[in-house]
Structures are given as structure tokens and as C-alpha cells.
Amino acid sequence: MISVIVTGWSPRPMNVLRTASSAEKTERPHYRITAHYHDESAQVTGHVTVTLPAKQVSDLREVYFHLYPNAFAHWKWGAHTKPKQPGYLHVSRVKVDGVSVAQQVKETVMKVPLPQQVGTRKTVRIDMDYRLQLPKGGTRLNTFKRTAFLAQWYPMLAVKDQDGWHIEPYTTIGDPFYTRMSDFEITFHVPSGYRLITSARDPEDPVQGVVTTLRRHNVRDFAAVITKDYEQVQGKAGSVRVRLWYLPGMEDVAQELHDAAVSGMKFFSQRFGAYPYDEVDVVLGETGYGIAGMEYPGLVTSIPKIPTRQGERPAVNVVVHELAHQWWYGVVGNNQVKEPWLDEGLTTFSEFLFMHDQMGEDERELLIRAAEHCNRINRKTGVTSVESLYRYSDLVYGLMVYTRPAAMMWELADEIGKDKVLRILRTYYQRYQYQIATTEDFIRVANEVTGKDLTPFFDKWLYFKTR
Ligand SMILES: [Zn+2]
């Protein structure tokens, strides 16, 4: 994500599939979802079947799901972020392998008990009905005019790892989401004339009163925009279809931002490794309070223009930032609640690299000033760049999680050379693709690639350790 605060804090705003084989498929959860979109009531209703692979359920007593839309039912955060109309995600008729069970829902978390004899089972199939009410003016999950933004909109499996279940609560700072790779098969029923723009390869034309089934394997999430309002610019980056979607009134930036999206996809593919899917969509428009841009697998959002001292200009850096997340978050995952710097820091560095190499912008001074400011914040509060989301205020979050790590990577490039830094990122991308990486993993790769012990360097920059 980029928040408006992050892009706006500085004196000069930051100029400002692989198809799975059947063997792989059994390693990942599979979602089969039917989604009936009711435009009059701004609701989506239907059925979800989640099949969990044997490997992930062998000793489980229960399974947790995130029902993030419930955050918009009774807004607990600031009045300025409160949606104009609430939203929710209600789940009913939950069954495990065909047997009804009593789910427990507490705000944005749902617990589904599994029957006892789990040890010998092969896979677990969980069925449920759902009713999603879209909020108006919600952050990410939103609806306006004849457009619905479906983000974190279905019951999302929580992650269980060595630390146990991750059922951390929703928050308005950062992206409080943590998911593993899954396979999706979603059958949309939408009224005639609506378009589907999603994480999958999308139909060419608006839907004419028919049912559309879309599939995408090996992604962390599945986002969708259902719209009658958007127009597109289409092109290619290598074999990847790049589509930019804009609303009436945004014609003046559409072509330039599409060009930026295409060159961004090429730039990152060449430097970090291939983008493994066949399409990416860039959807312009503000998708909720405070959000300049947001990333989902195969789909990103961005505001069309960004304010600078010289006036408004096309939001090239936001588009490119969100696209870089396809590599850092989309393919190489991390726990965005526990270590948000890992995807945001690398993504901000990627964005700065693009803006420097392709757009001729030098933000060195800004990065140095921001890094120094972080030193002052750390001395005062003890907060570092490697903290969970809940430890940060809005402003400190942007500085510690985005800007400081970007400054760190730039400094590293000065010390060991840009080629070596790119080799670190390529190796990290290759080694942890489709997995969850940690700060330790990243540092290990950096040490290995350079043949040096860079741990003191990262300790200083990320943890503010002085030796
Ligand atoms: Zn971001």
C-alpha cells in the first residue's frame, strides 16, 4: 500500500502462472466461490467451499478465517476513516466434510471447529454460505456509483505457522493481512453490462447476463472490481497483458500511467525475475480514505494524480510502487502484520530505483533526511523499522517501514554496488517465491550473495543498534 500520508509527508512529495500441476495443487488450499452481485443493495451473496490439503490439517482441532468486512460494521477507528455506510460479512450453514458445525465469530475472526478424528484424514472440505454487504466509503472494500471494489471480501483462511494461528485484529495502519498461496475458482453472477476486473485473466468484454467462472492458481488473495464505469488502455509487457482502467475525467493521465505500468513491469521483471502470471490490472481511483494505492495479486489500485510542489502530476510513482508489490508481497510473501517493512521497504526501494533509472529523479537527499529523522524518533520512542503494525502511528509507520529501509538499500548500493544489490534481490525472489520470507531470511541471502557479514549493517539500519 501507499497511504496518502506516506506520499505526502515530505516537503517534496516523492515525485512523489504459472499453472499448478496436480501435485502442487494438493499442497495449497483451494477456494471455490460463487458470487452473486446485487447492484441495487450493494451485496454479494453465495457459497464458499474451501478444501484444505492434507499436509495443512493433519493435527488441527479448528480452522480460523478472517472476516475483514466486519471491521466496517461497527467502526472502532478514527471518525475521519469511518465509512459513510457500514458493511459486513455474515457466514451461515457451515459444514465440515458435509457435517454441520457451529462456527464462532468474534468481530473479524471466525473459528470453525473440526471433528475429532483429524489424524487420519486426507483433506478437509469446509462449506459455508455468505452475505457480504459492501460499505460505502470503506477503505479498500468500497462501492461508489456503478463500481464495487471487492478487497478481502470472502472468508479468508488465517495462517498457522510456527508461532501458531495468526488471528490478529484489523487495524487502519498499514495492511493488516497475512495469507498463504491458494488456488481460486470463482463463479461470478453479475447483472448484464458489468465488467469484471480481477486477479485472474479477465474476460475481454462486459458480461452479457451470463455466468463467468474465473480461475487463478498460486496467489495469496483474489480481488475483483465489478464496474460499469471504467474504460481501459491495453498493452503488453513481454507476454504479460497490462490493462489500465480509468474513469471519465482521468483521460489526461491514462496513457501516461499505462506507459509507466508497462515499463515498470518490464523493469522489475528484468531486474528481479519474471512475473509469473499472464495479466496485471491497474485500476485508477481512490479506493477509500487515506489510500493512494493498494496491491493485490494481479490487480493494483492507484490515485490518478499526486500533489507536488510544482502542482499535481500523474501518479507514476504510486502505480510503479504497487506493481513492485507483485514481487514483494505477491510472489515473495511475508507476515505483513509482524514485519511490514519487508515488503514495503523493498517495494519503496524498487519504486525509487525505477524513478531514478527510468525517470531521472534523484531522491537521495530526501532519503538521507528521512533516515536521520528516524534516528531521532528511535532515540525518543525506541521504535525501530522491524515492528508489528500496532506499534506505529501513521506518520512513524511511513518513515520507519517505507523510507528508512529504502534509504538503507540505497546506502547498500553505494557500499557494495548496485549490481550486487540486484543480485541479492534476484536470489531472494528466486529462493522464497510463493513462500513466506522473514527479515532473517533476507539478511541471510544478502550475506550469502556478497560473501560478507552484512549483519551489523542491517542491525544498524533496521534495529538502530550501535556497536
Ligand atoms: Zn506498498
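1. Let's start with His321, which sits in helix H5, a stretch running over residues 316–324. Keep in mind that this is a predicted model. His321 counts as buried because its relative accessible area is 0%, below the 20% cut-off. Beyond its close sequence neighbours, His321 touches several residues, including Met1, Ile2, Thr347 and Tyr402.

2. Now look at Glu344, found in helix H6 (residues 340–357). Glu344 is buried too, with a relative accessible area of 1%. The side chains of Glu344 and His321 are joined by a polar contact of 3.3 Å.

3. What feature does UniProt place at His321, His325 and Glu344? The unreviewed entry marks these residues as "binding site". They are spread over 24 residues of sequence, yet they cluster in space, with a largest C-alpha distance of 9.0 Å.

4. Finally, do have a look at Asp221, in the loop between strand E17 (211–219) and strand E18 (224–227). Asp221 is buried but has no salt bridge; Arg140, the nearest side chain of opposite charge, is 8.7 Å away. What does the side chain of Asp221 make a polar contact with? The partner is the side chain of Tyr154, at 2.8 Å. Among the other residues that Asp221 touches are Gln152, Phe184, Tyr296 and Tyr329.

Key
Residues numbered from 1 in each chain as written. Predicted model: local features only at pLDDT ≥ 70, side-chain atom pairs only at ≥ 80, totals over all residues. Heavy atoms only, no water. Helix = DSSP H or I, 4+ residues; strand = E, 2+ residues; numbered from the N terminus. Buried < 20%, exposed > 50% of the residue type's maximum accessible area, 1.4 Å probe, protein only. Lys, Arg positive; Asp, Glu negative; His and termini not counted. Salt bridge = Lys/Arg side-chain N within 4 Å of Asp/Glu carboxyl O. Polar contact = N/O pair within 3.5 Å; in protein donor to acceptor, adjacent residues only side chain to side chain. Contact = heavy atoms within 4.5 Å. UniProt positions renumbered as here; feature names shortened; annotations may be inferred. Lists of a residue's contacts leave out its neighbours within four places in sequence.
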